[in-house]
Amino acid sequence: MRLRFEKRLEPSRTMLILTPVFSVIAVMILGIIIFDGLGFNGSQAVWELFFTPVLDSYKWRDVATKAAPLIIIGLGLSLGNQAKIWNIGAEGQYIVGAIAAAGVAFQTQYLSGFWIIPLMVVAGMVAGALYAAIPAVLRTRYGVSEVLSSLMLVYVSLQLLSYMITGPWKDPNGHNFPQTAQLTDSQLLPHDLMGSGIPPGLLVALIAAILFLVVVSKTVFGFSIRAIGEAPHAARYGGFSSDGVVWATLMISGAMAGLAGVFELMQLTRLNLGSPSGYGFTAIIVSLLGRSHPIGVFIAGIVLAITYVGGQVAQTVVHVPNATAGLFQSLLLFAVLASDVLVRYRIRILEKVNRSDDRSAS
Amino acid sequence: MTLTFIVDALITVIGITTPILLAASGELVVEKSGVINLGVEGMMLAGAIAGFAVTFETGNPWLGVTVAMLSGAAVSLIFAVLVLSLGANQVATGLALTIFGIGISSLIGSNYTGIAIDSLDSPFPAYLAQDSFWRVFFGHSPFVYFAICLVLSIGYFLNQTRAGLVLRAVGENDVSAHSIGYPVIGIRYAAITFGGAVSGVAGADFSMVISPLWAEQMTAGRGWIALALVVFAGWRAGHLLAGAYFFGVLMALELYAKASGFSIFPSQFWAAMPYLIAVIVLAMISSRDGKGVKAPACLGKPFIPNG
C-alpha cells in the first residue's frame with residue numbers, strides 16, 4: 001500500500017474546520033499515552049486539563065482572563081499569517097507595550113481622571129507598533145527576514161523589562177523584590193464588568209474579533225493581505241504594495257500585542273517577573289489553530305486558555321509539573337501543522353501493483 | 001590583575017561558550033541546507049535531561065552523552081517529518097519543538113531535580129589539567145575540545161568537500177538541486193538530524209559539566225543565542241567560532257555584572273547585546289549585496305517535489 005498526495009485546486013473548507021477539532025481530540029489521546037508512559041495518571045491528567053476548567057464554573061473567570069490576551073494577540077498575528085509575514089516577536093511587542101503603559105502610569109501617579117487609562121492603552125499600542133516597526137523597516141529597506149529580527153528583539157525587550165524592574169522603576173517599598181510599585185485605582189480597570197464575571201479584556205477581545213472579521217472579509221485592505229499571501233506577483237501586478245502590507249501587518253500585530261500587554265499589566269497591577277507570560281508565543285499557536293480566521297482565533301484562544309488553567313489544576317491534583325500545559329500546547333500545534341496536509345492535499349491510497357505481472361501482461 | 005584571575009576568566013568564557021558553539025554549529029548545517037529550525041532550545045533541553053538521567057542511573061557519562069545525542073536527534077525528527085514530509089511551516093514547527101522540549105524535559109526531569117552528578121573532567125593528565133597556567137589549554141571538559149573540532153570539521157565539510165557543496169546547493173536552490181538528481185528531502189533530513197544530535201550534546205554540556213545537575217529550563221535561552229550566533233557569523237563556520245567566543249565574553253560580563261553588582265553597564269545590557277548585535281549584523285549583511293555573506297536563499301521555504 002502506498003500513499004499519494006494530490007494537490008487540491010482549492011484548500012478544503014471541510015478539512016479547514018475539521019482538522020483543528022480532530023487535532024484537539026488526537027492530542028487528548030496522545031496525552032494519555034505519554035503521561036501513562038511516564039508514570040502519571042494519564043486519563044485523569046487529560047480530564048483535569050481539558051474538562052475541569054469547562055465544567056467548574058469557578059474556573060470560568062480564569063479562563064476568560066487568560067483567553068483575552070491570547071485572542072487579542074492572535075487576531076493581530078492572523079493578518080500576518082494570511083500575508084505570509086511571520087511576526088514571531090509578539091512577546092516582545094507585548095512586553096514593550098506593558099512597559100510603556102507602566103511608564104504612563106508612573107508619570108500620572110498622583111493624578112486621577114478618566115483619561116489615564118485610555119492614555120495607557122494608547123501608549124501601549126503605540127509602543128508595540130513601533131517595536132514591530134523595527135522588523136518592518138529591516139524587511140522593507142534591507143530585505144531582512146522578519147522571523148529572525150522580530151525573534152531577536154523579544155530577548156532585548158526581556159532584558160529591558162528586567163532592567164526597569166530591578167533598576168529605575170524598582171518598588172522602593174517592595175522588600176527588594178524585582179517589581180515596580182502597584183498601579184493606583186485610577187490606572188486599573190475593574191476586574192469584571194458590572195458584576196457579570198466577564199473581565200474587560202475579554203470584551204475588548206470580542207469587539208476586536210468582530211472588527212477584524214469586517215476588515216478581513218469586507219475591505220480592500222483585507223483582500224490585499226490575502227492577495228499578497230497567496231499570489232505575491234499577481235498582487236503586485238494588480239497594484240497592491242507588498243511593502244505596504246508588510247508595514248501594515250507588522251504594525252497592527254505589534255499594536256495588538258501592545259494592547260494585550262496593557263491589559264496584562266492591569267491584571268498583575270504592576271510589572272514583575274511574571275510579566276513576560278509567554279502569551280506572545282502561545283498566541284502564534286492560537287492564530288494557527290484558529291486558522292487565522294477571527295471566529296476561529298476567538299475559539300482557539302479559549303481552548304488554549306483552558307489548557308493553561310487546566311494545567312494548574314492538573315499540577316495540584318495529578319502532581320504533573322508546571323510545564324504540562326506547554327507540552328499539550330506544543331502537541332496541539334504539531335497536530336494542527338501535521339493535519340494541514342489534509343487541507344491542501346487529497347490523500348489517495350494506491351493499491352500495490354505487482355511490477356512483474358505488469359511486464360508479463362504487456 | 002593576576003595570572004590566576006586571567007586564567008580563571010578565560011576558563012569561564014570558554015566553558016560558557018561551548019554549548020552555544022555546539023548548538024550553533026549544528027544549526028549552521030541545518031540552515032545551510034535551507035531549513036530554519038527554531039527548536040534549538042527544545043532539542044538542547046531534551047539532550048540535557050537525557051544526558052543527566054542516563055549518567056545518574058548508569059554512572060557512565062559517555063553513555064549519557066551518547067543518549068543525549070540520540071535524544072536530540074529523535075526530537076529533531078519530529079520537526080523533520082512535519083516540515084519535510086508534510087510541508088508544514090518551519091517557523092511554527094520550530095517554535096512548537098521548543099515548547100515541546102521544555103515540556104517533555106520538565107516532565108521527565110521532575111524525578112531528577114535536586115541531585116548532582118560528578119562533572120566530566122578534563123581528558124588530559126592532572127599535571128597539565130591542574131597546572132596554574134597550562135589549565136588554560138588542558139583544563140577543560142571534553143565538550144570544549146569536541147566543540148572546536150566539530151566547528152572546524154563543519155567548516156572543512158561545507159567549503160572543501162563535494163558533499164558540503166551539494167548541501168549548500170540544496171540550501172541555495174532546491175529546485176535546481178532536485179532537477180539534477182540530488183535528493184533534496186533526504187539531504188535535509190540528514191542535516192536536521194545532525195543538528196538535533198549536536199544540540200543534544202550541547203544540552204548535555206549544561207547538565208553534565210556546567211551545572212552539573214538538572215533544573216527545569218536550565219539552558220536559560222542559550223538556544224536562542226545560538227540562533228543569533230549563526231546570523232552574526234553570516235552563515236560561515238570560521239566566523240562562527242570567533243563569534244561564539246565574542247558572545248561568550250558578553251555572557252561572562254553579564255555574569256560578572258550580576259555577581260559583583262559593579263559594572264559600567266547593568267548586567268541586562270550585556271545580556272541584550274548578542275541579540276542586538278545579531279539584528280544589526282542582519283541589516284548590514286543584507287544591505288551589502290554579494291560577497292557570499294547572505295542567508296541561504298531557500299532558508300525557511302518548504303520544498304515539495306512534484307507539488
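Reader: Is B:L82 buried or exposed?
Author: Let's begin inside this predicted model. B:L82 sits in helix 3 of chain B. A residue needs 20 or more other C-beta atoms within 10 Å to be called buried. B:L82 has 25 other C-beta atoms within 10 Å, so the word for it is buried.

Reader: Which residues is B:L82 in contact with, leaving aside its neighbours within four places in sequence?
Author: Good follow-up! Some partners belong to chain B and others to chain A. By contrast, B:I16 is 66 residues away in sequence and lies 32 Å from B:L82, C-alpha to C-alpha. The contacts of B:L82 are A:F334, A:L337, A:A338, B:A88 and B:T93.

Reader: Which helix of chain B gives the largest share of the side that touches chain A?
Author: The contact between the chains takes 40 residues from chain B and 38 residues from chain A. On the side of chain B, the elements giving two or more residues are helix 3 (61–85), helix 4 (90–109), helix 11 (222–232) and helix 13 (267–287). By class, that side of chain B has 27 nonpolar residues, 12 polar and one charged. The largest share, 13 residues, comes from helix 4 of chain B.

Reader: How are helix 2 of chain B and helix 10 of chain B turned relative to each other?
Author: The axes of helix 2 (residues 40–58) and helix 10 (residues 184–210) of chain B come within 6 Å and cross at roughly 55 degrees. The contact includes B:M44 and B:A48 from helix 2 of chain B, and B:G200 and B:A204 from helix 10 of chain B. Their crossing is right-handed. With that angle, helix 2 and helix 10 of chain B are therefore oblique.

Reader: How many charged residues are in the contact of helix 2 of chain B with helix 10 of chain B?
Author: Sorting the residues of this contact by class gives the answer. There are 14 nonpolar and eight polar residues, while the number of charged ones is: no charged.

Reader: What about helix 1 of chain B and helix 10 of chain B: roughly parallel or antiparallel?
Author: Helix 1 (residues 3–32) of chain B packs against helix 10 of chain B at about 170 degrees, with the axes 7 Å apart. Among the residues in this contact are B:L22 and B:G26 of helix 1 of chain B, and B:V198 and B:A202 of helix 10 of chain B. The contact has 13 nonpolar, six polar and two charged residues. An angle over 145 degrees counts as roughly antiparallel, and that makes the pair of helix 1 and helix 10 of chain B roughly antiparallel.

Reader: Moving to chain A, what is the handedness of the crossing of helix 1 and helix 2 of chain A?
Author: Helix 1 (residues 13–37) and helix 2 (residues 42–50) of chain A have axes that come within 7 Å and cross at roughly 135 degrees. These two helices of chain A are therefore oblique to each other. Their contact includes A:M28 and A:I32 on helix 1 of chain A, with A:A45 and A:V46 on helix 2 of chain A. The crossing is right-handed.

Reader: Within what arc do the buried residues of helix 9 of chain A fall?
Author: The buried residues of helix 9 (residues 220–230) of chain A are A:S224, A:I225, A:A227 and A:I228. Their cover includes helix 4 (60–83), helix 10 (232–237) and helix 11 (242–268) of chain A. Seen down the axis of helix 9 of chain A, these residues line one face, because they fall within an arc of 165 degrees.

Reader: What is phi of A:R291, roughly?
Author: A:R291 lies in the loop between helix 12 (279–289) and helix 13 (294–317) of chain A. With 22 other C-beta atoms within 10 Å, A:R291 is buried. Most residues other than glycine have a negative phi. A:R291 is not a glycine, yet its phi is positive, at about 55 degrees.

Reader: Is A:K7 buried or exposed?
Author: A:K7 belongs to strand 1 (residues 2–7) of chain A. The C-alpha atoms of A:K7 and A:G310 are separated by 38 Å. A:K7 has 10 other C-beta atoms within 10 Å, so the word for A:K7 is exposed.

How values were computed:
Residues numbered from 1 in each chain as written. Chains lettered and ligands numbered in written order. Predicted model: local features only at pLDDT ≥ 70, side-chain atom pairs only at ≥ 80, totals over all residues. Axes fitted to C-alpha atoms, helices over the stretch in contact; angles between N-to-C directions. Helix = DSSP H or I, 4+ residues; strand = E, 2+ residues; numbered from the N terminus. Parallel < 35°, antiparallel > 145°, perpendicular 65-115°, else oblique. Left-handed = near helix turned anticlockwise from the far one by under 90°. Contact = placed C-beta atoms within 7 Å. Nonpolar A, V, L, I, M, F, W, Y, C, P; charged D, E, K, R; others polar. Buried ≥ 20, exposed ≤ 12 C-beta atoms within 10 Å, placed from the backbone. Arc of directions from axis to C-beta.
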